[in-house]
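Subject: Structure handover

Hello,

Here is the structure I said I would pass on. My notes on what was found follow below.

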Amino acid sequence: MSSKHPETLALHAGWRRDQSTTAVAVPIYQTTSYQFNDTEHASNLFALKELGNIYTRIMNPTTDVLEQRIAALEGGVAALGVGSGQAASAMAVQNLARVGDNIVASTDLYGGTWNLFANTLKDQGIEVRFVDPSDPQAFARATDDKTRAYYAETLPNPKLRVFPIAEVAAIGRPLGIPLIMDNTAAPLLVRPFEHGAAVVVHSLTKFIGGHGTSIGGIIVDGGNFDWEGHAARQPALNTPDPSYHGAVWSQAVKGLGPIAYIIKARVTLLRDLGAALSPFNAFLFIQGLETLALRMRAHCANSRAVADFLGTHPAVARVIHPSTLTGQDAAWTAKYLAAGQGGLCGFELKGGVEAGKAFINALKMFYHVANIGDARSLAIHPASTTHSQLNQAEQAATGVSPGYIRLSVGIEHIDDILADLAQALDAAAA
Ligand code: PLP
């Protein structure tokens, strides 16, 4: 599929029809295993001399279509579907950083990623150094010779200030440090590889799935990073891997294209940690992708209308939306979010925590859930839920104040969205 247009790629990339039945919809290959032609075929597959299906823990034909489609949409070379967005974030880092290594991450992260980085990766011997992304040079200052990656979210909630992708990627590239971008909140709106990122991760659970039915994640390899040219900086890809007959990943798969990073993740981490995506969920994510472009347009328009409405409401102390940012944040918004400012919108009520709780409890159409990115409108109070495992200082660093409400604005008619917000604001003020 040669198109560059996301609307077209989302429907056509990676699939035309089933070879044996001519089925047009991507079949759900609900199988664990694949019959090898003979022993030579089997051993070639295991030795990566030939690419093909071995076992669904590490690859599956339904998941393969999803992987190709998202790689095409992001402008990358290959992708790896996994069981959740969390698994994608963890494996994207573990693929490069080992015991004694570190990465530098933005403070503006989803609470689950913050926990993964501050606690679980730390327990595994990987240090995560958090820096404020409003100063890209903070990434350079936190770097030492054990730094293996930079990590950030494109449009992090709750702050909703877009990350300076090109500025930070340009600091890392000459040092051999790739930028990993979590693009969950801005699929189709921002293509991080075009700004110099080397790896993209998504929680598929959100906008890409779009219907609140399935948990999944994906890692996309930009194929644009010189791993071999930075051998000392990236030992995981440039030293023999004892778990794969001493393969040196930057060399071993050269003949298959610039896919060293993603092949290693697939055949070592996914093989060993086993966070596989089910083929059924891959099928549902493919369904979601088909309407993603339409939905993102509606999310962006509705969210902007909600931000404008909240900005004029007397009970609202502050609106957090990319359109309300000023100074450098506004400049980065204009630079990166020209295609749309996303479906998220936050605000703070003048009445603080108690008003926030009353507002949530009064909502009639918005669902009160932990997710974002559904076609339906969603709301939550992060301080008591998604970010509750962080202490108050950590909450403040990620932008969660006690009275903050996060909205994921859906694709319902805007009049119904505003009517539900208006009645809940009245109830909170009463
Ligand atoms: N990244 C971001 C930006 C998220 O918002 C989330 C979940 O809320 C995740 C990653 C984790 O994804 P999952 O819930 O699919 O594990």
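How far apart do the C-alpha centres of domain 1 and domain 2 lie? They lie 29 Å apart. The domain bounds, taken from an automatic or database domain assignment, are 6–287 for domain 1 and 293–429 for domain 2. Where the two meet, the contact (heavy atoms within 4.5 Å) takes 37 residues from domain 1 and 43 residues from domain 2.

This is a predicted model, in which local features need pLDDT of at least 70 and side-chain atom pairs count only at pLDDT 80 or more, while totals for chains, interfaces and linings use all residues. Residues are numbered from 1 along each chain as its sequence is written, and side-chain values use heavy atoms, with hydrogens and water left out.

The whole chain

The chain has 16 helices and 12 strands; these are DSSP runs numbered from the N terminus, helices being H or I with at least four residues and strands E with at least two. Its radius of gyration is 22 Å, close to the 22 Å that the globule rule gives for 430 residues, so the chain is as compact as a globular protein of that length. That radius is taken over C-alpha atoms, and the rule is 2.2 Å times the number of residues to the power 0.38. The C-alpha trace spans about 75 × 55 × 35 Å along its principal axes. Of the 430 residues, 57% are buried, meaning under 20% relative accessible area with a 1.4 Å probe, protein chains only.

The sheet around E9

An open sheet of 5 strands has the order E8-E9-E12-E11-E10, with mixed pairing; two strands pair if DSSP finds at least two bridges between them. Its edge strands, pairing on one side only, are E8 (316–320) and E10 (367–368).

Strand E9 (residues 344–349) is antiparallel to E12 (residues 404–408) over 5 bridges, and 4 bridges join E9 to E8, also antiparallel. Glu348 of E9 is the bridge partner of Arg318, and Glu348 has Tyr404 as its partner in E12. At Leu344, the partner in E12 is Ser408.

Why is E9 described as largely enclosed by the rest of the structure? Because 6 of the 6 residues of E9 are buried. Leu344, Gly346 and Glu348 point one way, and Cys345, Phe347 and Leu349 the other.

Helix H12 (residues 292–311) lies across E8, E9 and E12, at about 15° to E9. Such angles run from 0 to 180 degrees between N-to-C directions, with axes fitted to C-alpha atoms, for helices over the stretch in contact.

Regards

How values were computed. Buried means under 20% relative accessible area, exposed over 50%, partly exposed in between (1.4 Å probe, protein chains only).
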